[in-house]
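Visitor: Please put the model up. I want to know what stands behind each label.

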2 protein chains.
Amino acid sequence: MTDSGTPTLQLSAACCAPASAEALQAPAAEELAKVFRALGDPNRVRLLSLIAASDSGEMCICDLTDPVGLSQPTVSHHMKQLAEAGLVSREQRGRWAYFRVINGTLMAAAKTLLPA
Amino acid sequence: MTDSGTPTLQLSAACCAPASAEALQAPAAEELAKVFRALGDPNRVRLLSLIAASDSGEMCICDLTDPVGLSQPTVSHHMKQLAEAGLVSREQRGRWAYFRVINGTLMAAAKTLLPA
């Protein structure tokens, strides 16, 4: 085999160093990916930002629709994904759901992936 | 309208507080979502983790295929998405591409979204 040949997986295997013991394994990677995936949509980023920036630290879903210009069912769908990822908590009060940012989820995910 | 009625957007508008001035606007939200979206896949999370955990701080693409059990074209595709999100830098040396984590991109995105 010469340098001009097409790289193959055999060559790749020959040159491979062992994976670092500190690198994330698949189950942990899936957990982190779930958090980041929830934020992979600009509307969900804005919704989380709105709640984080609110004076009381919580927002009614009824206050979240107008700023993002989406219908309430769509906002509810987005909020469900944020809640399932552990990024917000949800409390039902009468007819409305209220959301708070769960502090630390995002930062913990970032630090787990890329410890300083 | 009574409390037993279906919430409507009219009611929603009536109860809405103005959006906080600190909340992210759409273009900034899209920028952040791009970073998080790149990490919304467990394989890309593992790839970034492998590079971050490597002794030299950089990894050849030829060393990334085996740990994640994917073909080189698939790993190349994932690495391109990480590079486009500003999470890794890429340097071509001869036949192989080498990748380094761009420190700060992920943490800056997290802190922009949820300042402490």
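Visitor: Which residue does A:Glu91 stand opposite?

Guide: A:Glu91 stands opposite A:Tyr98, in strand 3 of chain A. This is a predicted model: local features need pLDDT of at least 70, side-chain atom pairs count only at pLDDT 80 or more, and totals for chains, interfaces and linings use all residues. Residues are numbered from 1 along each chain as its sequence is written, chains are lettered from A and ligands numbered from 1 in the order in which they are written, and side-chain values use heavy atoms, with hydrogens and water left out.

Visitor: What makes strand 2 and strand 3 of chain A pair?

Guide: Two strands pair if DSSP finds at least two bridges between them. Strand 2 (residues 88–93) and strand 3 of chain A have six bridges, in the antiparallel sense. So they pair. Strands here are DSSP runs of E, at least two residues, and helices are runs of H or I, at least four, numbered from the N terminus. The hairpin has two residues between the strands, and A:Gly94 takes a positive phi near 60 degrees there.

Visitor: Why is B:Lys80 called exposed?

Guide: Exposed means over 50% relative accessible area, buried under 20%, partly exposed in between (1.4 Å probe, protein chains only). B:Lys80 has 53% relative accessibility, so B:Lys80 counts as exposed. B:Lys80 lies in helix 5 (residues 72–84) of chain B. B:Lys80 and B:Arg90 are 8.8 Å apart, C-alpha to C-alpha, and ten residues apart in sequence.

Visitor: How do you know how much space lies in the largest pocket?

Guide: Rolling a probe the size of a water molecule over the atoms shows where empty space is left. A pocket is an open set of points on a 1 Å grid over the protein atoms alone, where a 1.4 Å probe fits, with protein on both sides within 12 Å along at least five of seven lines; lining residues have an atom within 4 Å of a point. The volume is the space filled by probe spheres set on the points, which are joined across faces, edges and corners. For the largest pocket that is about 360 Å³. Its lining has 20 residues; A:Ala52, A:Val101, A:Asn103, B:Leu114 and B:Pro115 are the closest to its centre.

Visitor: Which element gives the most to that lining?

Guide: Helix 3 of chain A, with four residues.
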